[in-house]
Amino acid sequence: MSNQELFKKVLSHAKEYGFVFPSSEIYDGLSAVYDYGQQGVALKKNLRDYWWKAMVQLNDNIVGLDAAILMHPTTWKASGHVDAFNDPLIDNKDSKKRYRADVLVEDYVGKLDTKIEKEVKKAAKRFGDAFDKEQFISTNPRVVGYKEKGDAILKRLGKSLEKEDLADVKALIEELEIVCPVSGSKNWTEVKQFNLMFGTKLGASAESATELYLRPETAQGIFVNFLNVQKTGRMKLPFGIAQTGKAFRNEIVARQFIFRMREFEQMEMQFFISPGTQKEWYAYWKETRLKWHHSLGLGTDNYRFHDHEKLAHYADAACDIEFRFPFGFKELEGIHSRTDFDLSSHEEYSGKKLQYFDPERQENYVPYVLETSIGLDRLFLAVFSNSLQEETLEDGSSRTVLRLPAVVAPTKVAVLPLVKKDGLPDIAKSFVEELKWDMTVAYDEKDAVGRRYRRQDALGTPFCITVDHQTLEDQTVTLRHRDSMEQERLTLAQAKAQINEAVSFQNWLRAL
Ligand code: GAP
């Protein structure tokens, strides 16, 4: 399956099996807004839990918070979002389509990356076992050329954006001869800045209403509660506050399914540290977060770091953990050294001290902050798209299987009576009653058992327990494994123990 075909399949599979639906679909949907269905909500919750357990439960110096979406409007002045939370937009005069100017350039560089990957694949085929990928990438003239060109373009883009030199961003688009994907023309407008925050109003009458914003990041809820948590939790530096919740951005171009949405969920952690220690904590959180991603088992080759050329207004260092989505390597998580920008700015705007008394140094200061910030929907897309596979079986037939990491699969086991008679459904239902206290269980008696297995494969259920006539005699069942399709005969207790082992958070997170 090509990447494009895979992505199409991801969209249709997510809908067909109850993972993700377009929002308000009966009214033809709302652009870049999605609803999670009965399977999707469970997968999303499990991913959120996987993050929460690793960040909060396993770290005795990180606590949770659930701040409101609506915040005092001055928050966003202090955070810099009113003045600087902009994206550069450009319109194509022929198609009337609007684009993010920086994304047009990044997509151009993405095409150079695809060319590099193609060269590498070709060479790997040609040289076989003797192929040294690193050496090839650093010496092959064509690959080196693509790489140098891409790096130079991104460097120039970063500089122009940092200096707010929008004319140069347009010049770059023209020099690269980037065309509108819809009209195919190079007839572009000037590049303009566009603020991404959604405005709303608080209050009953138009005259007295206060202008508010829907939060564009969850982080500010943590900053304004820094002292509340520090004092009531008697927290000592270094310590972290973690939060998951909705964020809203009026994205100029929202596309690629749930990759870039207008309403999405973030999982963020602000780690408060003493000034001067930010470099070592930055390195620590980069490594820790990458390990966490690797623990999900999607393949270490599918992740890479990308250092930011253009730093956000609050950061002194920043990078992304990128994931190989079906449309290429893209940002999955951001790690930002935010200095004391946010707390100092909130001090200034609120007139309230947001300082920490350091008992060792015997002084007050504004802590520095290390942030880890991941989009839950992007994580969902990474896991879902990586897990979806079309397999050709030994007998020539094919199956669609969603090889979700068992720890986050919506349903851990499906209990299936072999036939709908001879008392098998009653026994199967009694097993469901027994298992459901420990794990998520589905029951299915419709269709032939082979078709039911296929359905559970497509839903990502890692195990099926089948109740058959032998169960009547000796109480044993067959445990079928989704990935290998192997079956083994076990007692229910043995099957339950095996499933518990396979889905245990401890086993998955132990490597951290
Ligand atoms: N507090 C820092 C912050 O918000 P960000 O890089 O703008 O940083 C963090 O966002 C993460 O949130 C991203 O890495 C991405 O996973 C997710 N994210 C950002 N915008 C998104 C969108 N429009 N749709 C889905 N996820 C998004």
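Let's start at the ligand, where one of its oxygen atoms sits 2.9 Å from a polar backbone atom of G375. Keep in mind that this is a predicted model, in which local features need pLDDT of at least 70, side-chain atom pairs count only at pLDDT 80 or more, and totals for chains, interfaces and linings use all residues. Residues are numbered from 1 along each chain as its sequence is written, and side-chain values use heavy atoms, with hydrogens and water left out.

Back to the ligand. L332 puts a backbone N or O atom 2.9 Å from a ligand oxygen atom, while Q266 brings in a polar side-chain atom at 3.0 Å from an oxygen atom of the ligand. In total, 22 residues surround the ligand, counting a residue as near if one of its heavy atoms lies within 4 Å of the molecule. The closest are E217, E251, M261, E268 and E331.

Now zoom out to the domains, whose bounds come from an automatic or database domain assignment. Domain 1 takes in 38-72 + 211-392, domain 2 covers 86-195, and domain 3 runs over 411-509.

How do domain 1 and domain 3 meet? Their centres, taken over C-alpha atoms, are 37 Å apart. Contact here means heavy atoms within 4.5 Å, and 10 residues of domain 1 touch six residues of domain 3. About 740 Å² is buried between domain 1 and domain 3, with 64% of that from carbon and sulfur atoms; buried area is the accessible area (1.4 Å probe) that two parts lose on being put together, summed over both. On the domain 1 side, Q39, Y50 and K53 lose the most area to domain 3, together 52% of what that side buries.

What about salt bridges across this interface? The rule (a side-chain nitrogen of Lys or Arg within 4 Å of a carboxyl oxygen of Asp or Glu) finds zero between domain 1 and domain 3. Two elements give two or more residues to the domain 1 side, α2 (38-57) and α11 (278-295); helices are DSSP runs (H or I, at least four residues), numbered from the N terminus. Of these, α2 gives the most, with six residues.

Methods: Polar contact = N/O pair within 3.5 Å; in protein donor to acceptor, adjacent residues only side chain to side chain.
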